[in-house]
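Here is a friendly note to read alongside the model. Please keep the 3D view open as you go through the points.

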Amino acid sequence: QQEFVHTVFRLEIEEYEDEGVHAEGVTAAAFHDNAPVLDVIAGRPLGLAHVLEEHGMMARKPDNSALLSVFHRNHAGKKLSVYGVPRLDADRLFKLQHFAGAVVYSISGFIERNNNSLEADLRSVLRGRGRPSFLLNVLDETPVPGHNGFVA
């Protein structure tokens with residue numbers, strides 16, 4: 001998609017120039033290519049979102065420090081990288097250089113906030129807080145006397 005946006009933008013600028021249209025500030029140099037940031041965030045297999053998803057699926061207690069170590073190992077110190085490690089609190093922070101400037105993120109609670117809690121919420125609803133739940137009765141698949149099968 002980034003290539004598509006860049007190509008369309010470049011073609012528009014060329015069309016302006018061919019038609020003699022002067023659009024102040026609209027130049028090829030004005031286009032900021034944010035592909036490096038997108039790669040760090042969403043690229044596979046080492047993008048932050050992909051690694052976060054993998055850590056969230058592990059059948060163990062969430063370990064945000066281990067996640068941050070993987071982030072640092074995969075991205076810190078790379079040539080032309082938009083990922084950085086702050087001098088202070090490197091054990092809990094990381095930094096991304098976005099178009100508008102650097103943003104510092106805290107790893108605290110990353111895995112917990114990313115995990116989908118719907119399953120636990122559904123169990124709570126189905127349990128009906130200790131009393132028989134309407135949904136459990138509706139979804140019950142026990143045989144009903146006088147029927148050849150199950151009622152679902």
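1. Strands here are DSSP E runs of at least two residues, and helices are H or I runs of at least four, both numbered from the N terminus.

2. This is a predicted model, in which local features need pLDDT of at least 70, side-chain atom pairs count only at pLDDT 80 or more, and totals for chains, interfaces and linings use all residues. Residues are numbered from 1 along each chain as its sequence is written, and side-chain values use heavy atoms, leaving out hydrogens and water.

3. Now the sheet: three strands form an open sheet in the order 1-2-3, with antiparallel pairing. Strand 1 (83–84) and strand 3 (101–106) are the edges, each pairing on one side only. Strands count as paired if DSSP finds at least two bridges between them; strands 2 and 3 have six.

4. Helix 2 packs on this sheet, touching strand 1 and strand 2, and its direction makes about 145° with that of strand 2. Angles run from 0 to 180 degrees between N-to-C directions, with axes fitted to C-alpha atoms, for helices over the stretch in contact.

5. Next, the largest nonpolar core has 16 residues. Such a core joins buried (under 20% relative accessible area, 1.4 Å probe, protein chains only) Ala, Val, Leu, Ile, Met, Phe, Trp, Tyr and Cys residues through side-chain atoms within 4.5 Å. Helix 4 gives the largest share, four residues.

6. Finally, look at Leu67: beyond its neighbours within four places in sequence, its contacts (heavy atoms within 4.5 Å) include Val51, Ile107 and Phe110.

Note on methods. Buried means under 20% relative accessible area, exposed over 50%, partly exposed in between (1.4 Å probe, protein chains only).
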